[in-house]
Amino acid sequence: MLIGEVARRSGVSARMLRHYESLGLVRPSGRTGSGYREYRDEDIRRIFHIESLRSLGLSLREIGRALDDPGFTPAQLVGDLMDQTRARIAAETELLTRLRRIDAAEPASWDDALQVVALLQALGSASKDIRQRAALSSADEVPVPVEALVEAALGEKETNVAGALRWALVRSGEGGPALLARALASPSPEVRERAVRTLAVLPGDEATDRLRDALDHSDPVVRGRAALALGTRGAAEAIPELVAMVVDGRNDTDAADALATLATGHSGAVDDATGDSGAAGDATGDPGASDEPTDRSRTVGGTATETADALAARLVARLADPATTPASRGRLTQALADIPGPVASRALADLAEDDDRAVSLTATYLRHLRDTR
């Protein structure tokens with residue numbers, strides 16, 4: 001079979017077949033009387049083998065070795081090709097993500113696009129100062145897409161930078177709660193905690209609803225953070241988890257404060273955009289960083305007195321449970337301190353006579369404080 005016919009049947013151009021021959025990959029088995037290359041069946045099979053290996057990404061040199069070296073084993077080469085392919089896919093995926101985020105910013109000019117690129121690069125900088133400045137400048141004329149801010153917040157370990165990123169997310173508009181809620185399914189406990197911390201400072205009904213969903217999370221840290229945030233917002237659904245936190249000793253002081261807030265019906269504003277000591281205002285000197293939009297409480301149901309009495313009754317029930325440990329009873333007694341109303345007052349009076357001396361002394365002291373207010 002002459003080269004033209006081989007090219008037609010194999011789909012490999014005559015020029016490429018000559019190139020294969022020059023590299024020693026294919027050697028026509030014979031020549032015609034006129035000197036033309038003549039390919040036999042084994043030559044054509046080799047051509048198809050070459051093309052098959054090329055489709056896997058092998059170089060022509062690697063193909064020659066694979067076909068001609070009797071001792072060659074493909075395992076290592078295939079493994080290397082897999083690693084190279086994964087790296088190429090990762091690089092292409094990263095590029096696609098960056099392009100999507102630039103597109104989401106809707107730049108009006110190339111200067112705007114370049115500004116977004118610079119901010120995205122700064123958010124990934126090894127310097128915490130550069131990352132913080134990028135977060136604080138993300139609300140300028142060409143804002144960083146919410147997706148990029150969420151990704152940065154979920155990976156940020158520096159307290160002050162994390163605070164700045166939360167501040168930026170509060171100002172960024174829609175999209176943040178859904179992305180953060182998705183991150184609550186992360187296999188990483190650190191990512192889950194950063195997600196719920198960030199979600200806790202976002203204002204609006206969507207963030208509140210996502211926090212309500214988090215009350216059923218399997219991670220007690222996520223449940224606790226969600227309950228504390230919801231308590232601040234006046235959401236009664238948080239009460240069972242807050243009581244459980246007091247019993248278990250998980251952020252029990254904060255949980256008791258949240259219960260008192262719910263009992264008095266004076267749920268305050270969402271904390272500033274950090275939710276901890278790394279406030280964006282503290283970190284940046286920006287006095288406006290803590291003056292973010294707030295999410296006021298929803299109606300808990302009934303009057304404040306009714307709510308307080310119901311809460312006190314719940315705490316008393318846990319105190320009376322034989323399975324409650326002495327340490328838990330002490331924390332529950334302390335949690336009654338700021339719960340107003342007759343039920344809490346009667347409970348403290350009874351606890352002042354409790355057989356557990358630590359509980360008795362605590363209740364007596366708390367009664368004194370209530371009487372002097």
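**Figure 1. Asp68 and its partner Arg46.** In this predicted model, Asp68 has a relative accessible area of 43% and is partly exposed. The side chain of Asp68 meets that of Arg46 in a salt bridge, with 2.7 Å from N to O. Arg46 belongs to helix H3 (residues 41-55) and Asp68 to helix H4 (residues 60-68), so the pair ties together parts that lie 22 residues apart in sequence. A search of the whole structure finds 16 salt bridges.

Figure 2. Arg54 counts as partly exposed because its relative accessibility is 36%. Glu51, at 25% relative accessibility, also counts as partly exposed.

**Figure 3. The buried pair Arg192 and Asp219.** The side chains of Arg192 and Asp219 form a salt bridge of 3.0 Å, N to O. This pair links distant parts of the chain, 27 residues apart: Arg192 is in helix H11, while Asp219 is in the loop between helix H12 (205-214) and helix H13 (220-232). Both residues are buried.

**Figure 4. Arg194, a buried residue with no salt bridge.** Arg194 is found in helix H11 (residues 189-201). The nearest side chain of opposite charge is that of Glu190, 6.2 Å away. A salt bridge needs the charged atoms to be within 4 Å. The side chain of Arg194 does reach the backbone oxygen of Glu156, at 3.2 Å.

**Figure 5. A salt-bridge network.** Salt bridges link Arg223, Glu241, Asp248 and Arg250 in a network.

**Figure 6. Asn251 in a loop between two helices.** Asn251 is placed between helix H14 (239-248) and helix H15 (252-264). The phi angle of Asn251 is near 50°, a positive value in a residue other than glycine. With 37% relative accessibility, Asn251 counts as partly exposed.

**Figure 7. The second largest pocket.** This pocket holds about 300 Å³ of space. Helix H5 (74-104), helix H6 (110-123) and helix H8 (146-155) are the elements that each give two or more residues to its lining. Among the lining residues are Glu94, Arg98, Arg101, Leu120, Gln121 and Glu151. By class, the lining has 5 nonpolar, 3 polar and 4 charged residues.

Note on methods. Residues are numbered from 1 along each chain as its sequence is written. This is a predicted model: local features need pLDDT of at least 70, side-chain atom pairs count only at pLDDT 80 or more; totals for chains, interfaces and linings use all residues. Side-chain values use heavy atoms; hydrogens and water are left out. On a 1 Å grid over the protein atoms alone, a cavity is a set of points where a 1.4 Å probe fits but cannot get out, and a pocket is an open set with protein on both sides within 12 Å along at least five of seven lines; lining residues have an atom within 4 Å of a point. Grid points are joined across faces, edges and corners, and a volume is the space filled by probe spheres set on the points. Helices (H or I, at least four residues) and strands (E, at least two) are DSSP runs, numbered from the N terminus. Ala, Val, Leu, Ile, Met, Phe, Trp, Tyr, Cys and Pro count as nonpolar, Asp, Glu, Lys and Arg as charged, and the others, Gly among them, as polar. Buried means under 20% relative accessible area, exposed over 50%, partly exposed in between (1.4 Å probe, protein chains only). Lys and Arg count as positive and Asp and Glu as negative; His and the chain ends are not counted. A polar contact is a pair of N or O atoms within 3.5 Å; within protein, one must be able to donate a hydrogen and the other to accept it, and residues adjacent in sequence count only if both atoms are side-chain atoms.
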